Amino acid sequence: MAEGDNRSTNLLAAETASLEEQLQGWGEVMLMADKVLRWERAWFPPAIMGVVSLVFLIIYYLDPSVLSGVSCFVMFLCLADYLVPILAPRIFGSNKCNLVKTRRRAVGWWKRLFTLKEEKPKMYFMTMIVSLAAVAWVGQQVHNLLLTYLIVTSLLLLPGLNQHGIILKYIGMAKREINKLLKQKEKKNE
């Protein structure tokens, strides 16, 4: 058992070194973003909500055309790509294990999706069609900017909700309520 733990630790160290090499100047920023998204401090969730709300309020107020919006976004990315490798090592510390674990989790989900596609193509096809049709319907019913705001906010809060067990808590509550309803239905049928 200890040999397996040692192998896992060595593999994690190798992946961490590889990721560090790939990220070079962006590693420190990614680590800080990871800390913020996992809510390591109590004020991180309101800060996330405030920043996202401010960005979307500015977009709503300015009401840029698609071309102007894309141009400003790409200019911001170019500026970040230039400044982050210069400034990040001076501002942030370094601990890349969480990034490796998050990367493993994302790759695992991606592999599961392709496994489903290979092993059960009809199930994959039906799941994708129904999911995309539902997303298209919601997109038709809700204003694009509001929908984008809700999606971005949800995605940014999801790691912290997961880290603090809030999602599992509410899933457990929902399961208990569903079980109660099923038991009540069984009693009525008897």
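At what relative accessibility does Phe56 stand, and does Phe56 count as buried or exposed?

A: Phe56 counts as buried, at 12% relative accessibility. Buried means under 20% relative accessible area, exposed over 50%, partly exposed in between (1.4 Å probe, protein chains only). The model is predicted, so local features need pLDDT of at least 70 and side-chain atom pairs pLDDT 80 or more, while totals for chains, interfaces and linings use all residues. Residues are numbered from 1 along each chain as its sequence is written, and side-chain values use heavy atoms, without hydrogens or water.

The protein has eight helices and zero strands (DSSP runs numbered from the N terminus: H or I of at least four residues for helices, E of at least two for strands). From the N terminus on, the elements run α-α-α-α-α-α-α-α. Phe56 belongs to helix α3, residues 44–62.

Next, the ring partner. The structure holds three aromatic pairs. Rings of Phe, Tyr and Trp (its six-membered ring) pair with centres within 6.5 Å; planes under 30 degrees apart are stacked, over 60 edge-to-face, the rest tilted. One of the pairs joins Trp43 and Phe44, edge-to-face, at 4.5 Å centre to centre with 65 degrees between the planes. In the pair of Phe56 and Tyr149, the centres are 5.4 Å apart and the planes make 75 degrees. Tyr149 sits in helix α7, residues 144–163, so this pair ties together parts that are 93 residues apart in sequence. As for Phe44, this residue counts as buried at 4% relative accessibility.

Now the core. Phe56 is a member of the largest nonpolar core, together with Trp39, Ile48, Val52 and Leu157. Such a core is a set of buried Ala, Val, Leu, Ile, Met, Phe, Trp, Tyr and Cys residues joined through side-chain atoms within 4.5 Å. The core has five residues. Helix α3 supplies the largest share of this core, with three residues.

Leu157 touches Trp39, Pro45, Ile48 and Met49, with residues up to four places away in sequence not counted (contact means heavy atoms within 4.5 Å). Trp39 lies in the loop between α2 (27–37) and α3. Trp39 is buried, with a relative accessible area of 14%. The backbone of Trp39 is worth checking too: phi is positive, about 60 degrees, although the residue is not a glycine.

Asp63 is placed in the loop between α3 and α4 (66–91). Its phi is near 45 degrees, again in a residue other than glycine. Asp63 counts as exposed, at 62% relative accessibility. Trp39, by contrast, is buried.

Back to contacts. In the protein, residues 24 or more positions apart account for 82% of the contacts with a separation of 6 or more. Ile167, in helix α8 (residues 166–189), gives another local view. Leaving aside neighbours within four places in sequence, Ile167 is in contact with Leu158, Leu161 and Asn162. Ile167 is partly exposed, with a relative accessible area of 24%.

Cys72 counts as partly exposed at 47% relative accessibility. Cys78 counts as exposed at 51%.
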